[in-house]
Amino acid sequence: MPLLDLTIPPAGKPVYYFRGREILVDGQGEAALQDVPVAPGSLRKCCLDTTIGCAGALLDAAAEAPSGLQFIPVPTYFFTHDDAQNARASRLKGYAAWLDATRFCPFCGTPLQLHGSEHALACPACGRMHYPRIEPCIITLITRGEELLLLRNARDTMGIYACLAGFVEMGESLEQALRREVREETALEVQDIRYAGSQAWPFPDQLMVGFYAEYKSGEIRIQESEVADARWFRRDALPPLPKPGSIAWRLINGRL
Ligand SMILES: [Zn+2]
């Protein structure tokens with residue numbers, strides 16, 4: 001069975017612990033922890049991925065870090081680890097969060113069971129299979145010659161400017177989603193769309209697909225419900241940016 005739903009973290013196996021958007025690390029900043037003394041009431045969900053021999057555990061918001069360990073933001077962890085380590089952490093958080101949120105068959109309401117050979121849930125009543133949800137989002141850095149278009153989100157309170165991003169809608173290609181989001185949020189048109197790279201972003205289950213695009217035409221007119229500000233910046237005069245570790249930071253700094 002590829003996934004096992006456990007009531008306690010498995011002894012002797014690496015376990016990644018999450019509390020909201022944070023991950024538990026040891027003094028060396030490592031997250032694959034063995035035999036951590038977790039208070040029984042603080043464990044919300046734990047699942048073992050038998051294909052990689054590691055488990056993911058979700059802890060309640062009130063859980064405290066055991067002695068010698070600390071919680072750090074997951075993006076901070078991403079910044080200090082390589083892609084293979086980050087993929088493992090994202091995978092385990094994703095499966096644990098998916099199992100935590102997916103208990104009943106959406107067609108018939110019957111409690112779901114883990115599938116015997118796939119990373120999936122099966123309905124014992126109607127036979128339907130349910131797979132983990134992955135939500136694709138486009139994120140793009142738009143350039144106009146030497147200038148970068150950066151946006152401040154309407155919900156931002158820190159003065160951070162980032163790349164334009166949005167969810168892909170049903171039936172769209174990634175390129176269509178990108179053009180639509182750019183048009184909706186800034187009223188601009190873009191050209192020369194180039195794939196840059198992607199990043200799993202397990203908050204809760206996004207796949208960020210990064211692109212570069214070049215300005216084509218139009219004047220900036222922001223969608224006020226989504227965007228507080230959007231403007232062109234020169235590289236030698238950039239505003240506060242998203243934290244290293246995020247795909248936005250990587251796009252802006254050419255590190256994808
Ligand atoms: Zn069913």
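1. The structure shown is a predicted model. By this definition, the zinc ion has as its protein donors the SG atoms of Cys105, Cys108, Cys123 and Cys126. These atoms lie 2.3 to 2.4 Å from the zinc ion.

2. What is the geometry of the zinc ion's site? The site is tetrahedral, with angles of 97 to 123° among its four donor atoms. Four donors count as tetrahedral if all angles lie between 85 and 135 degrees, so the site of the zinc ion receives that name. Along the chain, the donors of the zinc ion follow the spacing C-x2-C-x14-C-x2-C.

3. Is Cys123 buried or exposed? Its relative accessible area is 3%, and buried means under 20%, so Cys123 is buried. Cys126, by contrast, has a relative accessibility of 32% and counts as partly exposed, because this value lies between the 20% and 50% limits.

4. The protein is divided into two domains: domain 1 covers residues 3-101, and domain 2 covers residues 135-252. Their C-alpha centres lie 30 Å apart. Nine residues from domain 1 and eight residues from domain 2 take part in the contact.

5. The size of an interface is often given as the accessible area lost when the parts come together. Between domain 1 and domain 2, about 910 Å² is buried, and carbon and sulfur atoms give 69% of this area. On the side of domain 1, the residues that lose the most area to domain 2 are Arg21, Phe78 and Phe79. Together, Arg21, Phe78 and Phe79 account for 45% of what the domain 1 side buries.

6. Which interactions are counted between the two domains? There is one salt bridge between domain 1 and domain 2. The side chains of Asp83 and Arg250 meet in a salt bridge, with an N to O distance of 3.8 Å. Across the interface of domain 1 and domain 2, one residue pair is found in polar contact, with both residues at pLDDT 80 or more.

Technical notes. Residues are numbered from 1 along each chain as its sequence is written. This is a predicted model: local features need pLDDT of at least 70, side-chain atom pairs count only at pLDDT 80 or more; totals for chains, interfaces and linings use all residues. Side-chain values use heavy atoms; hydrogens and water are left out. Donors are N, O and S atoms within 2.8 Å of the metal (3.2 Å for Na, K and Ca); water is not among the atoms, so sites may look incomplete. Four donors count as tetrahedral if all angles lie between 85 and 135 degrees; four count as square planar and six as octahedral if opposite donors are over 155 degrees apart and all others between 65 and 115; anything else is irregular. Buried means under 20% relative accessible area, exposed over 50%, partly exposed in between (1.4 Å probe, protein chains only). Domain bounds come from an automatic or database domain assignment. Contact means heavy atoms within 4.5 Å. Buried area is the accessible area (1.4 Å probe) that two parts lose on being put together, summed over both. A salt bridge is a side-chain nitrogen of Lys or Arg within 4 Å of a carboxyl oxygen of Asp or Glu. A polar contact is a pair of N or O atoms within 3.5 Å; within protein, one must be able to donate a hydrogen and the other to accept it, and residues adjacent in sequence count only if both atoms are side-chain atoms.
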